Amino acid sequence: MSPPAGTMFMSDCPARTAIEIIANKWSVVTLYALTDGPKRHSELVALSGGISRKVLTQTLRRLQSNGLIDRQQYAEVPPRVEYSLTPLGRTLQEPIAILTEWAQAHGEALVDFQESTAANPTP
């Protein structure tokens, strides 16, 4: 039996913590960028379209500290660091793919609505 609506997102619920971690737009973008395999920091900046290096670093650290991505540092000159999804992070591939499909199918409708309400604000 499912818990009553809303109770899953009480402040002490693990589901709320999970949503707070992955609901950040840069978290989803970064996790999605890693679905095809390990990437370096500069590759993630290029794939993410608009994220600053600082924000990406913060996002990577948060995802790593929550067990969703792994950071692999290679003993090379110059040093090389790659990020990849952990097994837990890979469990998000399907939900993120579904969300991405929804966004592609309905993103234009959202923009149209935003533009129409901006042009005709309600009093």
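A: Lysine 39 is buried (under 20% relative accessible area, with a 1.4 Å probe and protein chains only), yet lysine 39 has no salt bridge. A salt bridge here is a side-chain nitrogen of Lys or Arg within 4 Å of a carboxyl oxygen of Asp or Glu; the nearest side chain of opposite charge, aspartate 36, lies 5.1 Å away. Lys and Arg count as positive and Asp and Glu as negative, while His and the chain ends are not counted.

The structure is a predicted model, in which local features need pLDDT of at least 70, side-chain atom pairs count only at pLDDT 80 or more, and totals for chains, interfaces and linings use all residues. Residues are numbered from 1 along each chain as its sequence is written, and side-chain values use heavy atoms, with hydrogens and water left out.

The side chain of lysine 39 does reach the backbone oxygen of glycine 37, at 3.2 Å. Beyond its neighbours within four places in sequence, lysine 39 is in contact (heavy atoms within 4.5 Å) with Ala33, Leu34, Leu44, Leu47, Val81, Glu82 and Tyr83.

Lysine 39 belongs to strand 1, residues 39-40. Strands (E, at least two residues) and helices (H or I, at least four) are DSSP runs, numbered from the N terminus. The protein has 6 helices and 3 strands, in the order α-α-β-α-α-β-β-α-α. Of its 123 residues, 26% count as buried.

The mean pLDDT, the predictor's confidence in each residue from 0 to 100, is 88 for the protein, and 89% of the residues score at least 70.

Technical notes: Buried means under 20% relative accessible area, exposed over 50%, partly exposed in between (1.4 Å probe, protein chains only). A polar contact is a pair of N or O atoms within 3.5 Å; within protein, one must be able to donate a hydrogen and the other to accept it, and residues adjacent in sequence count only if both atoms are side-chain atoms.
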